[in-house]
Amino acid sequence: MADTLDRSAAPAANLRPFYQRFSAAELKEALRRMYLIRRFEEGAEDAYTRGLIHGTMHLSIGQEASAVGSCMDLRKSDYITSTHRGHGHCIAKGADPKLMFAEFFGKEEGYCRGRGGSMHIADVEGGNLGANGIVAGGIPIAVGAALAIKQQKRDDVALCFFGDGASNEGAFHEALNMAAIWKLPVIFVCENNKYGMSVSTERSMAVAHVADRAASYNMPGQVVDGNRIEDVSEAVMAATARARRGEGPSLIECKTYRIRGHSKSDRNRYRTREEIEEWQARDPIGHFETELVAHGLLRDGEIAAIRAAAEGEIAEAIEFARNGTDPDPREGTRDVYTTLGAA
Amino acid sequence: MNEMVRELTYAQAVQEALAQAMEADERVFLMGEDIGVYGGAFQVTGDLVHRFGEDRVMDTPIAELGAAGVAVGAALAGSRPVFEFQFSDFATLAMEQIVNQAAKIRFMLGGKVSVPLVMRFPAGSGTGAAAQHSQSLEAWLAHVPGLKVVQPATPHDAKGLLLAAIDDPDPVMVFEHKLLYKTKGEVPAEPYRVPIGKAIVRREGNDVTIVATAIMVHRALEAAETLAGEGIAAEVIDLRTLRPLDKGTVIESVKKTSRLVCVYEGVKTLGIGAEISAMIAESEAFDYLDAPIVRLGGVESPIPYNPVLEKAAVPQTPDIIADVRNLVKGRT
């Protein structure tokens, strides 16, 4: 899309890096992806409530800025690793909602041919090495992907999403230490949504910020407002540039909030309605819209059009998924192995 | 001396496989604790760091879980890691990455990726290292679909199975018995592969089948030699691979001998012997059995420190002789 809007509302020299780095078309695409994530999550919740999807799911409504802001500056050949709350990361890295919903519905057309479901969506061709059902499971894997990048003399990076809860796992500390001693091109992006399931960070961490833990591994640690996409993106841009220069890993902590419960079993007994409402008022999508309008990059009428397009895309994706093919139980053990040797 | 009858120790054979794999494929690299200038706790990597450099013979921090995960991630992103656990017992620290990640990623992702990862596990008792450095956990890992598990018993197979494991697109767990590292055997100099999933008959006989793994293969062969002097012809099968299991070789042997003894070092209950016994009971060989199946496994305790107790905790050659003798005594 051509950048047709007049940017004179804010002279280029005074613009913060986020607005210098990305064109109006790229910024609108970022907003579109945030909507797409929101509608995807709402569509998934609705499909679950209507009994169309079984199992459970972890929704990231309220965390769209950290997902999209982290991936805006990544190339297709860069890797991400994701978490159990990973739908947003997947869409932010460029996945097709049709194939994601097909996976939710357990269909052959899904990203994982219906074998993985919500917690294992991956898009390896698009650089997404996968969501992960184990808290902190993806962190060492991201470090390993970065090691492979370095061995293969590529200038790609691995961006590792994880939550505040994962930063209490041993795997987090072991992986950050190795990334640091080997100066690997990794960006650790912590989405601190205040709770590891029901236990608050105040009750589970001795330090105030996950970013404080970077000091132990001699890497930069930065706290950003995770609901402001421009703050997230600028921090990731700096970390990515550092990683591509071969200067090693960084840790970025995005302070954010999940509006929905941990999973479908959550009865919200550990937090107050006031707290949820306070964070709803800091909606990352509303904030970004206001920013774009203030910068003269988006007209009011365009907002409705982007929203409608996202809604249409999600409706179409759900329809595609509902009409998908169920796997054949006779193929139940297919893909356990690539080859099964002599026996 | 003719190169074709060259002898190497088991540890040298493993090292030669590692070196030849790294020479042939620049994606192959080694990771582990003290595998660099130290040469590995059992001197398996030896001088490889001087030949291939620290980037390909990587010392890791003492962080088994994280380092195992790094190996998984590197495998996903196009490298070919060969990971050494210092002792197989330390796999307990890394089970998350082995069992939840390496074994399942291909399946969970609908077959879109492979995890070409090799892990080596110095295993077993007999070194006086007590309960946390002497276990035989191969059956644990063999219980996990997605992993392949091999247990080479000879220097020849140590090299050939390791090269096959490094070629393999899936995660392969290689259990190396520590008492075998210094044993010698014929090892061809050129690279070769021993197929994963194929057992081998080490000694032929008609009276009883002894299925053994790792060091128990050697004890079974010793027992068979003694028993031959008593007129009992034992057939000894070296299982070599636990997963995928070579059922056919065992079934054919039992159909011939009508008697089965399973000998393995892991704890007897719910171990390899249980699987082999049940597999035979479910097969056409069941009708050929003339006697109950016998399992000889490790005792139901941690491995003790005291040398007499340690020796008594796992099957020894006289135990095998006695059990086979009892089993065959009643033959018609």
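How accessible is B:Arg27, and is this residue buried or exposed, or does it fall in between? B:Arg27 is partly exposed, with a relative accessible area of 39%. Buried means under 20% relative accessible area, exposed means over 50%, and partly exposed lies in between (1.4 Å probe, protein chains only).

This is a predicted model, in which local features need pLDDT of at least 70 and side-chain atom pairs count only at pLDDT 80 or more, while totals for chains, interfaces and linings use all residues. Residues are numbered from 1 along each chain as its sequence is written, chains are lettered from A and ligands numbered from 1 in the order in which they are written, and side-chain values use heavy atoms, with hydrogens and water left out.

**Salt bridges**

Let us stay with B:Arg27 for a moment. This residue forms a salt bridge with B:Asp25; the term stands for a side-chain nitrogen of Lys or Arg within 4 Å of a carboxyl oxygen of Asp or Glu. Over all chains, the structure holds 52 salt bridges. Here are three of them, with the distance between N and O:

| Pair | N to O distance |
|---|---|
| B:Arg27 and B:Asp25 | 2.8 Å |
| A:Asp328 and A:Arg330 | 2.8 Å |
| B:Arg193 and B:Asp167 | 2.5 Å |

The pair of B:Arg193 and B:Asp167 links distant parts of the chain, 26 residues apart. B:Arg193 sits in the loop between β8 (184-186) and β9 (200-203) of chain B, and B:Asp167 in helix α7 (residues 155-167) of chain B. Helices (H or I, at least four residues) and strands (E, at least two) are DSSP runs, numbered from the N terminus. B:Arg193 counts as partly exposed at 43% relative accessibility, and B:Asp167 does so at 42%. Salt bridges that share partners also build a network, joining A:Glu108, A:Arg113, A:Arg115, A:Glu331, A:Arg334, A:Asp335 and B:Arg106.

In the pair from chain A, A:Asp328 is partly exposed at 29% relative accessibility, whereas A:Arg330 is exposed at 75%.

**Aromatic pairs**

On to the rings: the structure holds 18 aromatic pairs over all chains. Rings of Phe, Tyr and Trp (its six-membered ring) pair if their centres lie within 6.5 Å; planes under 30 degrees apart count as stacked, over 60 as edge-to-face and the rest as tilted. A:Phe162 and A:Phe172 make a tilted pair, because their planes stand at 50 degrees, with the ring centres 5.4 Å apart. A:Phe162 belongs to strand β2 (residues 158-163) of chain A and A:Phe172 to helix α7 (residues 170-181) of chain A, so the pair ties together parts that are 10 residues apart in sequence. Both A:Phe162 and A:Phe172 are buried.

In chain B, the rings of B:Phe42 and B:Phe87 have centres 5.2 Å apart and planes at 70 degrees, so this pair is edge-to-face. B:Phe42 lies in the loop between β2 (28-32) and α2 of chain B, and B:Phe87 in the loop between β4 (80-84) and α4 (95-102) of chain B, so parts 45 residues apart in sequence are tied together. B:Phe42 is partly exposed, with a relative accessible area of 22%, while B:Phe87 is buried at 14%. Both belong to one aromatic cluster, formed by B:Tyr10, B:Phe42, B:Phe87, B:Phe90 and B:Tyr181.

**The loop between β4 and α4**

B:Thr92 also lies in the loop between β4 and α4 of chain B, and is partly exposed, with a relative accessible area of 40%.
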